[in-house]
Amino acid sequence: MIVAAGRGERAGGVVPKQYAALLGKPILRWALEAFVRNPRVAMVQAVIGAEDHEHFTLATRGLDLLPPLAGGPTRQHSVMHGLEALAHHKPDCVLIHDAARPLVSQAIIGRVVGALAAGADGAVPLLPVGDTLRRMQDGKWVTVPRDGLLRAQTPQGFVFAKILDAHRRFAKEDVTDDMALAEMAGLRVEAVPGEDSNMKVTNPEDFAIAEAQLRARLGESRTGMGYDVHRFATGDHVWLCGIRVPHDHALEGHSDADAGLHALTDAVLGAIGAGDIGQHFPPSDERWRGAPSWKFLDHAAALVRDRGGEIVHCDVTIICEMPKVGPHREAMRARIAEILKLDVSRISVKATTTEGLGFEGRREGLAAQAIATVRLP
């Protein structure tokens, strides 16, 4: 369960912080993907703000999630809502994670799950307090001994029936995390090592720190290039970068002949060394006759995500005398951004001519070239 119903006002911004971008991807999506990718996690439930459904839909396209639930006025209420909904699925255990921790690692998830598998009622990642602590006492600052003090992180994992019972029994208690309720219920909670990188994004300056850590994690940057050509045929429109453009000809091809998306698909595949579009979608396969080319690009993007990577930037150039690309440029950028689940600022679409030279100049067809930049761990 990912708890994402808060407003995150200390972080500033025009949207709740869980929907703000880190390296072009919403904070919430980073957190969700960590659990969706984990083979020991059977289902992922997000608990969100009642007014955030549109933000959530945009942030989670393509992820295999349970339908989101509306949270309550406090984190404790939100977790309770989520647990009651999950009870219908009868899970053995549940991991409860804060959406504001987007850098959670597979190692931490594994340690929490491992403790539960070994027989613990609950498991929590803990870290020692490294800073000197001070508090005001009788008008003076005094040092607080930090020996034995630990910082609790999420995900916190529990035997499902036991943490649900604890929430029901102590629903009127005001606590800051689920570990506190588990302790009230007398559950045996084991500590597992936390990680400094599993930080909670709270203040504006935390975004820069989190992005720096993500860049370090996604350490390898790759670039792929794609090129595609289609001749003109009888018709009244062409497909370019996912947009239907009126024209006095169509483009000839096995699929919808969208040269822009074909070139970009090849660029993404090339960046991860995954061959070309023809290997994944052979023109000899009748399944792809007339198919919309966004499916090809979506497949290439899924391969990047499966490797734990992300697409950083895409640049497409359409080469033709006609049709005019300019009037449709912004729609093309928006469509590519939608397919790749990226901010539109990371998508470029341009057009040029060949000054009347070559097959493009003779208006026999058009071409497209594309470059995609990908980060891989």
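Which residue stands opposite alanine 233 in β16? The legends below take up this pairing and its surroundings in a predicted model.

**View 1. The pairing of β13 with β16.**
Alanine 233 stands opposite alanine 250 in β16, and this pair belongs to a contact between strands β13 and β16 that run antiparallel and are joined by 2 bridges. Strand β16, which spans residues 250–251, is one of the edge strands of its sheet and pairs on one side only.

**View 2. The open sheet of 5 strands.**
The strands of this open sheet follow the order β16-β13-β19-β17-β18, and their pairing is mixed. The edge strands are β16 and β18, the latter covering residues 347–352, and each of them pairs on one side only.

**View 3. The antiparallel pair β13 and β19.**
Strand β13, made of residues 220–233, and strand β19, made of residues 365–376, pair in the antiparallel sense, with 12 bridges between them. Within this pair, glycine 226 of the sheet has alanine 370 in β19 as its bridge partner.

**View 4. The parallel pair β17 and β18, with helix α11.**
Strand β17, residues 310–319, pairs with β18 in the parallel sense over 6 bridges, and isoleucine 318 stands opposite alanine 351 in β18. Across β17 and β18 lies helix α11, formed by residues 329–340, which runs at about 140° to β18.

**View 5. The hairpin of β8 and β9.**
Strands β8 (residues 133–137) and β9 (residues 140–144) pair in the antiparallel sense over 5 bridges, and arginine 135 stands opposite valine 142 in β9. There are 2 residues between the strands of this hairpin, where aspartate 138 takes a positive phi near 55°.

**View 6. The whole protein chain, for orientation.**
The protein chain holds 12 helices and 19 strands, and its C-alpha atoms fill a box of roughly 85 × 50 × 35 Å along the principal axes. Of its 377 residues, 50% count as buried, while the accessible surface comes to about 18,000 Å², with 52% of that area belonging to carbon and sulfur atoms. Among contacts in the chain with a separation of 6 or more, 70% are accounted for by residues 24 or more positions apart.

Conventions. Residues numbered from 1 in each chain as written. Predicted model: local features only at pLDDT ≥ 70, side-chain atom pairs only at ≥ 80, totals over all residues. Heavy atoms only, no water. Pairing = 2+ DSSP bridges. Helix = DSSP H or I, 4+ residues; strand = E, 2+ residues; numbered from the N terminus. Contact = heavy atoms within 4.5 Å. Axes fitted to C-alpha atoms, helices over the stretch in contact; angles between N-to-C directions. Buried < 20%, exposed > 50% of the residue type's maximum accessible area, 1.4 Å probe, protein only. Areas by Shrake-Rupley, 256 points an atom, 1.4 Å probe, with all protein chains shown as cover.
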